[in-house]
Amino acid sequence: MNKFYNLFIASLIVFLINKSSSLENKIIFKINDNVFTTYDYEMRVKYLEFVGDNTNLSKEIIMSDFISANIFYEHYKKLNIKNNFNDRVNEIYENIKDSNQANNRTFSYNFDKENILLNIKKDFIRKTILQEILNTNLENIKMSSKDIDLLYDIKIKYINFQNTNNLNLKIKLSELKDINFKNVVSLLQKNNVDFFLKEHEVIDINNIDKKIKNNILSNIDYFIFENNNDFSIIFIDKKFETFESVNVNLFSVKSKSKKNSELLKCEKLAKNVNQPNILSKQYKFSDLNKELKENLLNINDF
């Protein structure tokens, strides 16, 4: 895996060129022999507006994302893969167009369809390559924050309240069989606890609170902030951005007694897969039922 990254980085050198305040079409970066200009950047911005509400993105984020998409696209072209993904790209385009029409989204200018299709293709290829890396050697990858942003759609939900009967409510929380957003809200309502809710989507994981970021990277589903009687219960809702090209290897374990969680780790199950009580099979993530999709997002989830 390290060899792959080394070759990948060595073969794709990006030259950044100072931006000009002029309105002329200026070169802003190069990847190998391919030149990208301010016009290409403006077309990327229009593409981002077409696919969703991305008006809150800074120029720095757009530029970094634009360079990233083109690096992966150049790598894809060098691989000489026969699948050009055109059918899937056209399907994505039509879905976005239909969604815009259904939501009565209007734009002050006409879009270049070929530009939209090309940018969709670049983003789809980038995501596909990252997911293939993830699937082929997931145990050996420590995911970076950039990979997290690309692969997952992450929402953070907050439940904030003051607890005047601190110990009692703590005990009731610990007695919940399943601590999730819905159950905690129901518990607070039953106990007449005033609370307020907040939810936001993570666009860039590096721009959120360090404690929350560390819990996301550690695959923690929820955690509690406590300051005297002030409580915040924070839930992390993490789903794959797309199910395309994601394959999962699931282990099924039959046992008459409860298994220690250490024995249920994927690495240990893989070593003992020949035992009659352990079965292993690969599936397309998109084919799994809703319960599995929601609960099996990371290695060692069970």
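**Notebook: cores and salt bridges**

I looked up Asn119 and found its place in helix H5. Helices here are DSSP runs of H or I with at least four residues, strands are runs of E with at least two, and both are numbered from the N terminus. The model is predicted, so I note the rules: local features need pLDDT of at least 70, side-chain atom pairs count only at pLDDT 80 or more, and totals for chains, interfaces and linings use all residues. Residues are numbered from 1 along each chain as its sequence is written, and side-chain values use heavy atoms, with hydrogens and water left out.

**Entry 1: Asn119**

Is Asn119 buried or exposed? I found Asn119 buried, at a relative accessible area of 4%. Buried means under 20% relative accessible area, exposed means over 50%, and partly exposed is in between (1.4 Å probe, protein chains only). I then listed its contacts (heavy atoms within 4.5 Å). Beyond neighbours within four places in sequence, Asn119 touches Arg44, Tyr47 and Phe66.

**Entry 2: the cores**

Next I looked for nonpolar cores. A core is a set of buried Ala, Val, Leu, Ile, Met, Phe, Trp, Tyr and Cys residues joined through side-chain atoms within 4.5 Å. The largest one has 29 residues, and Phe29 and Ile120 have the most contacts inside it. Two or more residues come from each of these elements: strand E2 (27–31), helix H2 (38–51), helix H3 (59–79), helix H4 (86–102) and helix H5 (113–136). H3 gives the largest share, eight residues. I also found a second, separate core of 12 residues, with Leu169, Leu187, Val193 and Phe231 among them. In soluble globular proteins, nonpolar side chains tend to be buried together.

**Entry 3: salt bridges**

A salt bridge needs a side-chain nitrogen of Lys or Arg within 4 Å of a carboxyl oxygen of Asp or Glu. I count seven salt bridges by this rule.

I checked Lys77 and Glu74 first. Their closest N and O atoms are 3.0 Å apart. They sit three residues apart in helix H3, so about one helical turn separates them. Lys77 is partly exposed at 42%, whereas Glu74 is buried at 8%.

Then I took Lys97 and Glu94, which pair at 3.4 Å, N to O. Both lie in helix H4, three residues apart, about one turn of the helix. Lys97 is partly exposed at 29%, and Glu94 is partly exposed at 30%.

Asp123 and Arg126 are both buried. Which residues join them in one network? I found Arg44 and Asp65, linked with Asp123 and Arg126 through salt bridges that share partners.
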